[in-house]
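I opened the model to look up its sheets, its aromatic pairs and its nonpolar core. My notes follow in the order in which I looked.

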Amino acid sequence: MEKQLITHKKTLCLLMAFSLSPAPVFAHVKHHSVLTSAMLSHQQDTVPGVFNSDYTTIKNITMGNNQCLTLEPDNQNVMFATCTDNNRQLWSFSSIMTGYLKITNQALAGRDKEYCLGTTASATSTPTMMECTGSGFNSQRAWQIPANTASSAPGIVYRLVNKYRGDLGRNEVLGYSGNRLRMVAASNADAVTWQLSAPDIVSTRPVVGERKVLLIHTHYSDRAAMDLKSVQAAVFGSGSDTSSLASAVAIASYGKLTFKGDTVTDINLGARPATCPAGAAFVTRVRELARQKGIDVAQYDYTFVDKPSTPCSWVGLAALPGNWIISNNAGNRPWMWQHEFGHNLGAPHATSLEGCSVNSNGIVQIDSSCRSTTASDPSDTMNGGGSRLYPAPYALYAGWLTSNQFPLVTRSGDYTLTPLFDKADESHLKAVRILRRDGSYLTLEYRRAATGFESWPANSPFVNGVIVRIATFGQRVTNQLVDTTPGSAGGMTDAPLMPGKSIDDLSSGKRITLLRIDAQGAHVRIQDINEANDEERIVPVAVVPQNFTLVARHTGATIRNLDGSRSTGKDHLWQSLPGNGAFGLQEVASGPVVQEIRQPIARAAFPAGATGTARYQLTVTGSHGTTDSKIVTVTVLPAEVKISGKTSAEKGETLSFSSQANFEADSWRWSLKRGEQTVATSSQATFNLATQQIAAGSYQLYLEASANNQQYLAVASIPLVVTEQEKPEEQIVPVAVVPQNFTIVARHTGATIRNLDGSRSTGKDHLWQSLPGNGAFGLQEVASGPVVQEIRQPIARAAFPAGATGTARYQLTVTGSHGTTDSKIVTVTVLPAEVKISGKTSAEKGETLSFSSQANFEADSWRWSLKRGEQTVATSSQATFNLATQQIAAGSYQLYLEASANNQQYLAVASIPLTVTEQEKPDTPAVPDTPAYPAYVEGTVYKAGDRVSAAGGVYSCKAHPFTAWCAGAAWAYAPGTGQHWNQAWDKVN
């Protein structure tokens, strides 16, 4: 059968890059503090040049704290001298060979040659400074520095062992004689015990970069293989899952580890064996079978074998450390691959530390009473943690965390741990280590719940506290979970250190206190135990106000003081807890809104319009870093008002509506609406309604209640249905009654409004319509409303725009029973404003003439002008124009009048000719006959002064502004016969 090779070339979107080595490779991480003794004793492959070059003093316990190892002026011999902090008393430890360090002095730094503290073969060897690469053996300058765990001296102290002397078979350590150094017989005495700050050297086995994995899918001739797709999903995942081995290592490594792999299938293992196949030999056999199918197994960093069930006591087996994993009928279980890959990384099964004692202050003591057990660690896949991600010690060992992210802590202080598996950079403190006398480390890490591998219950101590572990780093990395709640019913499920609690590690001499956990992370305090015990004993008690409720303002923020001044403690921290949204805290009035305040009384700020629940926590600190926290919950309700009253009534009832608000309202705005129409309003606290005054139908009653100039405001509405008992439909014969036809005069400015009253009609419904052909004429429902073509009400407003003339027809239709209707039309004739001049049109010179006017409106202003051609001869603003002809020359004139009313709302013009003659004198030539003029033709554009023959006479077109009317319709402006001809023409004779 042909081989089947399935390539997994895609890199998971969750992953970055990783490196897996096919055989154990060890390296070391550089740190900057105290050395681990056990780790030094296990070193086999220290890489030169990666250690801390910081300088330290070296003191002998017996010689005392004020005597420092000092380089003499000859730059060769070494002695003890009073500590003065000069460079001859400063020493540095760095790598010289695998597992060993060289000791140099700052005073000799920067020279052409490097000088190290070394020994000779002399029976009474006195260590001196010699060239680091000079004659003799390198081992003469090579030292190990194991911790002296038997010493009673405080802190971590060391012995110094020379490799060369050991190679000579001498069991010796560095001591002194008189004021000089001397190699002496090994012991744990203070005389051979040294106080120093050595480099922090941690064995690591980096597993970073992109590596290839060969997944070999096997079967027996009598046992079928597992489902291939489920096995591939468990190992490689989909690229976006949170359940496969690939995604687990990617997240735990912060993207430093990726898989690229292939799957080879149809590997026949023959008959199923009666016994469990051996691990390494079995893998070698399976690789050979894959090689026979043409697979170059050497190009892969890891070999994962999935086989059907065999008589094995395990579901998974892996090299520790190494590069292969065998699945025993469990290849579809991601947690199995994750657990076995932990072995590949170098982690054996983890343990737990239980049963520690508790001192009189209630502080757990990590001491000799603690016992190591195999109780499950819910946070470590290497000890019953399922698919939980790898703890911080594994991440440091595998090169996923740096020494900056997981440093050694030697000084007392407060430290903030960011969530372990959140996105990381060099500035994020993910965990801390504290060196213990036996060379192990006490480690602290903080986790936050997340989808997938870290989907903890919200109340789990593992995401609400700090996880305390004891770890070692060497050929393997070990992890032990410390139970900080010994004797609890939860066993190891509540092992983490919770806020306000402390634990003492007697091996390191440190007290660890978890101060609090917030959005930034876990805040821990690390102190020397003696220093912490010297603090005054204060039992912290947080006292906060009772939970309370308030109503959100409509304008302006609401401020409430949170008084924690009755609490007991040295420090007060008010915090606005996550999920508070826009709610926060203020230190002072008008100050910024912040999330935490360190003072007993805080101002809680609730912005206008913001509602919901706000939780504020007060944490007070007592002695030894103990804390107590209490939470006050503030419920912020929206301003609300409710309307009380009936929602249905028979027409004729009198209804009363009241309101209840969750604030003290002092202003009310009621409105009863039917659709968009407001039927009734009120500004009283109670709304009374006489339904007899309104029509039956559906309404909505609205209320806007407010207080303090609308600082608080709420609205509410309820429906209201007013019904009327049905009566047998009355026989109604519709009769439309409309006004008589009437005539009006068009205004010069402003529309003319006339009510069309159809209220005397008989019928159930009234419809006024402006009939087609009305032009600009129309109807209005209300004053200043739009002009429309129909209105359903008995009385309508007929609107006649300024200057519009003609005939308007309005029809009223009323409806009777059974849908019968009757319609009537009223016709409105809209005349142009007119005025006529009365008086003689000819006179003998010397006569006194009087002219008056008659208009079709009540004129109250007159402007007379007598013109001869373009020359104005006489004017008047009186109702009557009087003219003494003696004052003017004989000849032909035109008398003009502009009459108006109501500030020219109405305006009309007229003119008549006037001929003034004188008696003929002898020898006066005969007056020629009146010349003939063309006949008037409708629509012709005439100019001012043009004369035409019409109606048996001669007519002259008037001057501007009347000239345009000469071309108007004949029925209105034909000279002598049109209804308004005298507005356009002057009769000449």
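I began with E60 and E61, which run antiparallel and are joined by five bridges; I count two strands as paired if DSSP finds at least two bridges between them, and strands (E, at least two residues) are DSSP runs numbered from the N terminus. Across this pairing, Trp-864 stands opposite Ser-876 in E61.

Before going further I noted that this is a predicted model, in which local features need pLDDT of at least 70 and side-chain atom pairs count only at pLDDT 80 or more, while totals for chains, interfaces and linings use all residues. Residues are numbered from 1 along each chain as its sequence is written, and side-chain values use heavy atoms, with hydrogens and water left out.

**Sheet with E60 and E63**

I traced an open sheet of five strands with mixed pairing, in the order E58-E64-E63-E60-E61. Strand E58 (842–844) and strand E61 (871–876) stand at its edges with a single partner strand each, so one side of each is left without a neighbour in the sheet. Neighbouring strands here are turned by 25 degrees against each other on average, direction ignored, where axes are lines fitted to C-alpha atoms and angles run from 0 to 180 degrees between N-to-C directions.

How many residues of strand E63 are buried? I found nine of the 11 residues in E63 (891–901) buried, buried being under 20% relative accessible area, exposed over 50% and partly exposed in between, with a 1.4 Å probe and protein chains only. Strand E60 (residues 861–868) pairs with E63 in the antiparallel sense over seven bridges, and Ser-865 has Tyr-896 in E63 as its bridge partner. E63 also pairs with strand E64 (residues 906–917), antiparallel over 11 bridges, with Glu-898 opposite Val-909 in E64. E63 and E64 form a hairpin with four residues between them, and in the turn Asn-902 has a positive phi of about 55 degrees.

**Strand E57**

E57 runs antiparallel to strand E59 (residues 848–855), joined by four bridges, and the partner of Ser-838 in E59 is Ser-852.

**Aromatic pairs and core**

I counted 28 aromatic pairs, taking rings of Phe, Tyr and Trp (its six-membered ring) as paired if their centres lie within 6.5 Å, with planes under 30 degrees apart stacked, over 60 edge-to-face and the rest tilted. Phe-606 lies in strand E38 (residues 601–606) and Tyr-616 in strand E39 (residues 612–621), so the pair ties together parts that are 10 residues apart in sequence. Both residues, Phe-606 and Tyr-616, are buried.

I also found one aromatic cluster formed by Phe-259, Tyr-302, Phe-304, Trp-337 and Phe-341. Which residues touch the most other members of the largest nonpolar core? Of its 75 residues, these are Phe-304, Trp-337, Phe-341 and Tyr-390, a core being a set of buried Ala, Val, Leu, Ile, Met, Phe, Trp, Tyr and Cys residues joined through side-chain atoms within 4.5 Å. Leaving aside neighbours within four places in sequence, Phe-304 is in contact (heavy atoms within 4.5 Å) with residues including Val-213, Leu-245, Ile-325 and Asn-344.
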